[in-house]
Amino acid sequence: MAPIAVGSVLPDGKIFLFDENDQLQTVTVHSLLAGKKVILFGVPGAFTSACSLQHVPSFIEKADQLKAKGVNEIICYGMNDPYVMKAWGKTFPENKHVKFVSDGSGEYTKLLGLELDLKDKGLGIRTRRFAMLLDNLKVTVANIETGGEFTVSSAEDILKAL
Amino acid sequence: MGTLTIQTPIYSFSLKSNSSDSVSLSLPTKLFIPFCTSFPPTSSMAPIAVGDVVPEGSISFFDENDQLQTVSVHSLAAGKKVILFGVPGAFTPTCSMKHVPGFIEKAEELKSKGVDEIICFSVNDPFVMKAWGKTYPENKHVKFVADGSGEYTKLLGLELDLKDKGLGVRSRRFALLLDNLKVTVANVESGGEFTVSSADDILKAL
C-alpha cells in the first residue's frame, strides 16, 4: 500500500489492547477513533532506545498541553504483541493519558503502508516511526519518518501543527 | 531395435531405437507438474523428541556488554549439559509468574546436578527478552534468548498458533534437557499449559 497521507481516511482494521479491567480486547480502529481528535504515534519497537527514551516520553510530557488544545486521545501504536505493549506502558508510571495498543497481527501496519524491515536486528517487520493527527478518522497531519529515526514525529512537532 | 520405457512417479517417457543409427525420444504431450504453493513445503517438522540432536539455527540475545549477538544454537550448547525451556510469550501471566520463576529458584540445584546453562527461549524480539529478563533482579543464571523470526521454533516443530490473542505464531511451552546437543529429556506441552515443563520436572529427571 502507499503510505498513509494527509487527507486520507484512516483504514479500518483490528488492533489489540488491554482495557481498564485488564481484559484483552480486539477492537476496530474505526470504533476506537471515530468522532474524536486523536494523535496516533507509531514506534518500531517496545523497549528499544529511541522509542523508550525519546518518543514515548515526549508524548507523555506534552499530553496535558495536547489535551488542552482539543486532542481527545493519544495512542501509542506498535507491532509488539498486546502483553508486551501493556508491560512497556507500565514502565512509564508518570503516564496519565497515553494508551498503548498493539498491531499484534502485523496486518494494520500493512494497511497504513508503513512497514519497516528490521529483520537484521531480530525485530522482523515493524512500523516506521510516525505521528499522525486524526480528526474523525481523517488524517490532518502525517509526520512519518523514513525508518526509525526521530526527526519529525515528536509531540512538539504535533503541537506546532495544532 | 527396442524400446526403453522410463517410468517416473509423475510421467513416463520412452526411448525407441528406430534403426541402427537413430533413436527417437517420445515425451508425453501432457506433463503433470505438481503445483506447490511454496518451496520448501511448509508442513511442520515433527516435534523435537528424546534421542534427537537439537537442530542448528540462529537465536539472538544481548550479551553482558549489552551488545546484540546472533549466535548458532550449536555453538551455544555444544559440549554442555543445557536446559532449554520455551515460553509462548514474554510478559504473559503463566510464563512470567510460574515458568520462569521456577527455573530461577531451582537454578542452583540444577547447576549442582551438572547443568551448565539454563536458557529461556521465546518468539519475542531480543529487546523484549532483555527487558523481560530484567524484571527478575534475583536471577543469576537463566539466560533469555530470542527467536525473533520464529524460524527456530519451526525447526523444533513446536509452533503454537496464538493469533487470536494478538501474539501470532509462538512456541509451545516446553523444557528440554540437552547433553552435548542430544535431547535426553523432552517435556513438551500441547500448548501453553504448565503441567510437565517446570524446573521441578527437569530436576526429577536429572
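**Close-up views of chains A and B**

**View 1. Two salt bridges link chain A and chain B.** A salt bridge here is a side-chain nitrogen of Lys or Arg within 4 Å of a carboxyl oxygen of Asp or Glu. Look for A:Asp81 and B:Arg170, a salt-bridged pair whose closest N and O atoms are 2.7 Å apart. This is a predicted model, in which local features need pLDDT of at least 70 and side-chain atom pairs count only at pLDDT 80 or more, while totals for chains, interfaces and linings use all residues. Residues are numbered from 1 along each chain as its sequence is written, chains are lettered from A in the order in which they are written, and side-chain values use heavy atoms, with hydrogens and water left out.

**View 2. Here chain A meets chain B, with 17 residues of chain A in contact with 18 of chain B.** Contact means heavy atoms within 4.5 Å. Together the two chains bury about 1,300 Å², 67% of it on carbon and sulfur atoms; buried area is the accessible area (1.4 Å probe) lost when two parts are put together, summed over both. Of the area that chain A buries against chain B, 39% comes from A:Phe47, A:Asp81 and A:Tyr83, more than from any other three residues.

**View 3. A:Cys51 is the place to look for the feature "active site", according to an unreviewed UniProt entry.** Such annotations may be inferred rather than shown by experiment, and positions follow the numbering used here. A:Cys51 counts as buried because its relative accessibility is 0%, and buried means under 20% relative accessible area (1.4 Å probe, protein chains only). Leaving aside neighbours within four places in sequence, the residues in contact with A:Cys51 include A:Trp88 and A:Arg129.

Definitions and conventions: Buried < 20%, exposed > 50% of the residue type's maximum accessible area, 1.4 Å probe, protein only.
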